[in-house]
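Colleague: Could you take me through this one slowly? I'd like to know what stands behind each term.

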Amino acid sequence: MKNSFFSRFTPKEPKFFPLLKQLSEVLVSSSAVLVESMQHDKPEERSSYYKKIKDLEREGDRLAHLIFDELGTTFITPFDREDIQALASHMDDVIDGINSCAKRIAIYNPRPIGDSGKELSLLVQKEADYICKAMDELDTFRKNPATLREYCSKLHDIENQADDVYELFITKLFEEEKDCIEIIKIKEIMQILEKTTDSAEYVGKILRTLIVKYA
C-alpha cells in the first residue's frame, strides 16, 4: 500500500513543492507574454513574441521532465506519484496550449486579434495566476484546505466564462466574417485558447482530488 504505514516514519521529499512552483511560474510568465502579444499585429512582432513563448515552453518541458525523473528515484513522495505527475503534466499542457496559440498567430498572421481573443488570453492569464497561488498551498492545505478549494472554484468559474466568450465569438464570426481563409485562421486560434482554459481548469480538478484524499 503506497505511502501508508512506512510514510508515517519516513520523511517525505519536499523537493516536489518548489519544482511544481517553478513550473507554475513559467506558466504565469508565458500567459503574460501571450496577453502582451495580443496588442501587436505586425508579423515581425508576432514572431518575436512566439519566440519568447517558445523559450518558456521549453523551460516548462524541462521542469516537467525533471519532476518525472525525480518521481522515478524518490522513495517517499508527499502525495501519490500519479497526482504529482498529473499536476506537472497538465500544467505543462496549459503552457503547450499557450505556445500553440502563439505559434499559429505567428504562422497564420491573421487580421488583428479582436476583443474576444484578448479576453480569452486574459482569462488564461487569470487561471495561470490562480494555479501559481495554488502551488503555494500544497505543503500546508491539509490543515486548512479552504484557500486551495477557493482557487479550484475560481478556475472552474473562469473556464465557464471562457466557454461563453468562445461560443458568442463563433456565432458572430460566422455571421459577420466573409473571408473564408480568415474564418479558418481565427477559429483555430480561438479554439486553442478555449481548450487551454479547459486544461487549466483540469489542474483545478486534480487539486480537488488532493483535497479529498489528504485534507
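Modeller: Let's start with the largest cavity, which has a volume of about 40 Å³. Bear in mind that this is a predicted model, where local features need pLDDT of at least 70 and side-chain atom pairs count only at pLDDT 80 or more, while totals for chains, interfaces and linings use all residues. Residues are numbered from 1 along each chain as its sequence is written, and side-chain values use heavy atoms, leaving out hydrogens and water.

Colleague: What makes a space a cavity and not a pocket?

Modeller: On a 1 Å grid over the protein atoms alone, a cavity is a set of points where a 1.4 Å probe fits but cannot get out, whereas a pocket is an open set with protein on both sides within 12 Å along at least five of seven lines. Grid points are joined across faces, edges and corners, and the volume is the space filled by probe spheres set on the points. The structure has 1 cavity of 30 Å³ or more.

Colleague: Which residues line the largest cavity?

Modeller: Ser37, Arg46, Tyr49, Tyr50, Ala102 and Ile105; a lining residue has an atom within 4 Å of a point. Two or more of the lining residues come from each of α2 (43-73) and α3 (81-108), and α2 gives the most, with 3. Helices here are DSSP runs (H or I, at least four residues), numbered from the N terminus.

Colleague: How do you know that the span of α2 agrees with what a helix should have?

Modeller: The expected span is 1.5 Å times one less than the number of residues. For the 31 residues of α2 that comes to 45 Å, and the end C-alpha atoms are 45 Å apart, so the two agree.

Colleague: Why is Glu159 called buried?

Modeller: Buried means under 20% relative accessible area (1.4 Å probe, protein chains only), with exposed over 50% and partly exposed in between. Glu159 has 8%, so Glu159 counts as buried. This residue lies in helix α5 and touches Glu127, Glu194, Thr197, Asp198 and Glu201, not counting residues up to four places away in sequence. Contact means heavy atoms within 4.5 Å.

Colleague: And why is Lys185 buried?

Modeller: Lys185 has a relative accessible area of 18%, so that one is buried too. Lys185 sits in helix α6, and Tyr108, Asn109 and Pro110 are in contact with it, again leaving out residues up to four places away in sequence.

Colleague: What makes a nonpolar core?

Modeller: A set of buried Ala, Val, Leu, Ile, Met, Phe, Trp, Tyr and Cys residues, joined through side-chain atoms within 4.5 Å. The largest one has 62 residues, and Ile67, Leu87, Met135, Leu138 and Leu207 touch the most other members. In soluble globular proteins, nonpolar side chains tend to be buried together. Ile67 is among the buried residues of α2; past its neighbours within four places in sequence, Ile67 is in contact with Phe16, Leu19, Leu20, Leu23, Ile84 and Ala88.

Colleague: Back to open spaces: how much space lies in the largest pocket, and which residues are closest to its centre?

Modeller: About 330 Å³ lies in the largest pocket. Of its 17 lining residues, Gly114, Phe169, Leu173, Glu177 and Ile186 are closest to the centre. With 5 residues, α5 gives the most to this lining.

Colleague: How many of the lining residues are charged?

Modeller: There are 6 charged, along with 8 nonpolar and 3 polar. Asp, Glu, Lys and Arg count as charged, Ala, Val, Leu, Ile, Met, Phe, Trp, Tyr, Cys and Pro as nonpolar, and the others, Gly among them, as polar.
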